[in-house]
Amino acid sequence: MHFVFSPPAQAAAGLLDLPWDDPLEEWTDDRLTEIPQRGLSRHVVRFVAEGNDVFALKEISERLARKEYALLRRLKEFGIPSVEVLGVVVDRPDDLDAILVTRFLDYSSSFRALFANPRGAHMTDRLMDAQVELLARLHLAGFMWGDCSLSNTLFRFDAGALNAYLVDAETAELHDRLTRGQREHDLELAHERVAAELMDLEAGECLADDVDPLEVADELVHRYNHLWHELTADEVMKREEQRYRIADRIRRLNELGFDVDEVELIDDPSGGSRLKLTTRVAEPGRHRRELLALTGLDVWENQARRLLADIASFRGWMEQVRGRKVSMHVAATRWLDEVYEPVMDMIPPDLRTRLDEAEIFHEILEHRWFLSEAAGRDVGTTAAAQDYIAHVLPHVPDDLITLPPSALGAGS
């Protein structure tokens, strides 16, 4: 037997005594755990809780396992949202297939779970936007997915929006650059699979009556083409407009989560200039980095943007009370001590796994706005948190991880 694990080795060490000699579907181990409403898979997939982590184990051929292991590592290097691969186990006895080991994505949901327990309005729109953005990011990096489907994607809430993460890369291919034909083939597969998956939900009466599977699949293609045009299309502009038009185009791309590698201006027969942009996937956003530097909170980009806005509001209140300017660093420290941490301390232990902390705080801010609108005055964060914890959070579906008693005991 041969173990190939990438760092961190400490996480892999606890998995070494699993029954690797046996077929995965026959395993009986106290660390095996269930993931309610998990996505579908054509392979045997089991989940193992080790320490404070949960790992997904997938049994596939050695060739596919090694390929997917390498591709998932490259996706991480490119900064594209995907599950974190830990390693592969090959050369198992009795010609057993290899096992690919990935880290389960905390606080994530399958598309089936999202449709079964929709949270907020326009769930289909948000889910399609997330899937389209992931596909565009892959294509910019030269990845042809080959199996773009909702079942091969996990979704995570980020300040109300959804972020999509690639889960299955065994059919993917990496190229220096994708041709138009390769992109269009990937898009055709996505249309076919998404329509089929939603039809399956419709047959099981898990889809809202106003959601048409074919219309949603058509809309996915439309949204992808619109986004790809925004990311890559040339633009002709008058010379006197170049400065602000280029700045505006780059700003729009940054807001979409993409960076510009190169700006090229070419003389156009019209007398103006043709703008050509080379676009790439953005590094983790500046809001996330700024919040981490100010507070030590490591959250997702949209969450960071929302928390920074609340800190700015708190800073304005401090300046009004003090009658003088207050630095962002001082305001953030006070906000963390007097607002954020007291709210987190209010959450009962049995409700803490419903959402990650930053998402709960974001929802409390949303709840404060709705309560204040109804009351005709600002009700304050504390009152909003109390009402949210009493009436909203208990009805949020619990996270997808159900740990076995042994793991719960080890973490307590």
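**Entry 1: Tyr-107**

I began with Tyr-107, which counts as partly exposed because its relative accessibility is 34%; in my notes buried means under 20% relative accessible area, exposed means over 50%, and partly exposed is what lies in between, with a 1.4 Å probe and protein chains only. I keep in mind that this is a predicted model, in which local features need pLDDT of at least 70 and side-chain atom pairs count only at pLDDT 80 or more, while totals for chains, interfaces and linings use all residues. Residues are numbered from 1 along each chain as its sequence is written, and side-chain values use heavy atoms, with hydrogens and water left out.

I looked up the backbone of Tyr-107 and found its phi near 60 degrees, a positive value in a residue other than glycine. Tyr-107 sits in the loop between β6 and β7, where strands (E, at least two residues) and helices (H or I, at least four) are DSSP runs numbered from the N terminus.

How many of the residues of β6 are buried? I found six of its six buried, so I noted the strand as mostly covered, given the cut-off of under 20%. Both faces are covered, with Ala-98, Leu-100 and Thr-102 buried on one side and Ile-99, Val-101 and Arg-103 buried on the other.

I then followed the pairing of β6, where two strands pair if DSSP finds at least two bridges between them. Strand β4 (residues 53-60) runs antiparallel to β6 and is joined to it by six bridges, and Glu-59 has Ile-99 as its bridge partner in β6. Strand β5 (residues 84-90) also pairs with β6 in the antiparallel sense, over five bridges, and here Glu-84 is partnered by Arg-103.

**Entry 3**

I traced β7 into an open sheet of three strands, in the order β7-β9-β10 and with antiparallel pairing. Its edge strands, each pairing on one side only, are β7 (108-109) and β10 (161-166). Two bridges join β7 to β9 (residues 153-158), and I noted that Ser-108 stands opposite Arg-156 in β9.

**Entry 2: aromatic pairs**

I searched the whole structure and found ten aromatic pairs, a pair being rings of Phe, Tyr or Trp (its six-membered ring) with centres within 6.5 Å, stacked if the planes are under 30 degrees apart, edge-to-face if over 60 and tilted for the rest. Phe-47 is buried at 9% relative accessibility, and Phe-104 is buried with a relative accessible area of 9%.

Tyr-165 and Trp-300 form a further edge-to-face pair, at 6.4 Å centre to centre with 70 degrees between the planes. Tyr-165 lies in strand β10 and Trp-300 in the loop between α8 (286-295) and α9 (301-322), so the pair ties together parts that are 135 residues apart in sequence. Tyr-165 is buried at 8%, whereas Trp-300 is partly exposed at 22%.

I also noted one aromatic cluster made of Trp-335, Tyr-340 and Phe-361.

**Entry 3: nonpolar cores**

Which residues touch the most other members of the largest nonpolar core? Among its 57 residues they are Leu-127 and Phe-155, a nonpolar core being a set of buried Ala, Val, Leu, Ile, Met, Phe, Trp, Tyr and Cys residues joined through side-chain atoms within 4.5 Å. Helix α4 (residues 123-140) gives the largest share of this core, nine residues. A second, separate core has 35 residues, including Val-326, Val-343, Leu-351 and Tyr-388.

I listed the contacts of Phe-155 (heavy atoms within 4.5 Å), leaving out residues up to four places away in sequence, and among them are Tyr-107, Ser-108, Phe-111, Leu-127, Gln-131 and Leu-162.

Is Ser-149 buried or exposed? Ser-149 is buried, at 4% relative accessibility, and lies in the loop between β8 (143-144) and β9. Beyond four places in sequence, Ser-149 touches Gln-131, Arg-193 and Glu-197.

Last I checked Glu-205, in the loop between α5 (180-203) and α6 (213-232). Glu-205 has a phi near 55 degrees, a positive value in a residue other than glycine, and counts as exposed at 73% relative accessibility.
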